[in-house]
Amino acid sequence: MPAALAPGPSPGPSLGPSPGPSPKRHAAGLDPSPSPKRVAAAPSVPYHEKQVKRWCGLHCLNALEQRAAFTRRQLKGFADQLFIACAAIDDDTASEGIRGRAGTVRAPASHAFGSASDGDVDVQVLIVALQSLDRTVAQLAAEPPPSPEETADVRGLLLHEDRGGDVGEHWWALRRLGDDWYDLDSLLDGGEVVARGADAFRALLETHLSSLSPSGERRSVYLVHGLVALPPPPPPPPP
């Protein structure tokens with residue numbers, strides 16, 4: 001494993017990938033008229049992304065920001081920056097890199113901080129990504145619990161758990177919209193309200209903290225400060 005790094009400020013995110021290919025043309029002999037323009041689906045409210053491969057960390061970040069704030073390319077870029085910084089001070093990490101001219105080291109496609117193929121990334125990558133948007137992240141221990149003053153301005157929780165089986169290591173987010181807290185786990189079909197108001201959130205947070213192990217290996221909880229305050233979603237239309 002690479003030497004532990006204290007994530008610092010990171011350059012702004014790079015440009016995301018270009019839009020996908022245009023819709024296919026009509027099959028010959030069916031409809032000679034031009035294909036209608038495809039209308040993009042309206043984003044879910046609250047914003048929620050379904051799980052793709054092992055990109056739960058990416059889905060978690062975008063759920064916290066309530067928009068498509070990061071792309072796969074950007075997340076891999078943050079992971080590569082951490083790898084190169086670690087390689088500069090750790091020979092074992094450097095030996096895993098790709099050697100260039102003048103002894104420079106480039107990050108391989110997959111390494112301890114992240115994988116380009118399936119999206120599995122280290123927590124330091126998530127922290128650096130959030131720092132690039134001026135967010136701050138604080139890991140919590142089971143004891144003592146944070147005071148109400150410490151959580152008064154918190155609008156997001158970053159959660160990690162080893163769920164075993166086919167899921168394995170998993171990241172998900174809780175996000176405050178108005179006074180309600182939503183579970184935006186990418187394994188769900190959509191956001192679900194899990195707490196209404198400050199007292200219910202405190203009870204929910206204590207439940208998560210009570211399940212922490214002393215070593216923090218199977219579950220971890222992080223407060224995310226600096227997220228934009230957003231109103232609650234509008235009520236669903238009447239049937």
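Gly156 sits across from Arg175 of E7, and its bridge partner in E10 is Val224. This is a predicted model, so to speak of a local feature takes a pLDDT of at least 70 and to count a side-chain atom pair takes pLDDT 80 or more, while totals for chains, interfaces and linings use all residues. Numbering starts from 1 along each chain as its sequence is written, and side-chain values rest on heavy atoms, with hydrogens and water left out.

The sheet comes next. Six strands make up an open sheet, in the order E5-E10-E6-E7-E8-E9 and with antiparallel pairing. Strands (E, at least two residues) and helices (H or I, at least four) are DSSP runs numbered from the N terminus, and two strands pair if DSSP finds at least two bridges between them. E5 and strand E9 (192-196) are at the edges; each has a single partner strand, so one side of each has no neighbour in the sheet. From one strand to the next, the twist averages 25 degrees; axes here are lines fitted to C-alpha atoms, for helices over the stretch in contact, and angles run from 0 to 180 degrees between N-to-C directions.

Now for the individual pairings. E6 and E7 run antiparallel and are joined by seven bridges, whereas six bridges join E6 to E10, again antiparallel. Between E5 and E10, also antiparallel, there are five bridges. Val137 has Val224 as its bridge partner in E10, and Val224 is the E10 partner of Gly156 too. As a general point, side chains in a regular strand alternate between the two faces of the sheet.

Helix H1 packs on this sheet and touches strand E6 (156-162), E7 and E10, with its direction at about 5 degrees to that of E7. Contact here means heavy atoms within 4.5 Å. E6 itself is mostly covered, as six of its seven residues are buried; buried means under 20% relative accessible area, exposed means over 50%, and partly exposed lies in between (1.4 Å probe, protein chains only).

As for aromatic rings, a search of the whole structure turns up three pairs. Rings of Phe, Tyr and Trp (its six-membered ring) pair if their centres lie within 6.5 Å, with planes under 30 degrees apart called stacked, over 60 edge-to-face and the rest tilted. One of the pairs is Trp171 and Tyr222: the ring centres are 6.0 Å apart and the planes are at 45 degrees, so the pair is tilted. Trp171 belongs to strand E7 (residues 169-177) and Tyr222 to strand E10 (residues 219-225), so the pair ties together parts 51 residues apart in sequence. Both Trp171 and Tyr222 are buried.

Trp181 and Phe201 have ring centres 4.1 Å apart and planes at 10 degrees, so that pair is stacked. This pair links distant parts of the chain, 20 residues apart, with Trp181 in strand E8 (residues 180-183) and Phe201 in helix H6 (residues 198-210). Trp181 is buried at a relative accessible area of 2%, and Phe201 is buried at 4% relative accessibility.

Finally, backbone angles. Most residues other than glycine have a negative phi. Lys53 lies in the segment before helix H1 (56-65) and is exposed, with a relative accessible area of 58%. Asp134, another residue other than glycine, has a positive phi near 65 degrees. Asp134 is in the loop between helix H4 (123-131) and strand E5 (136-140), and at 68% relative accessibility Asp134 counts as exposed.
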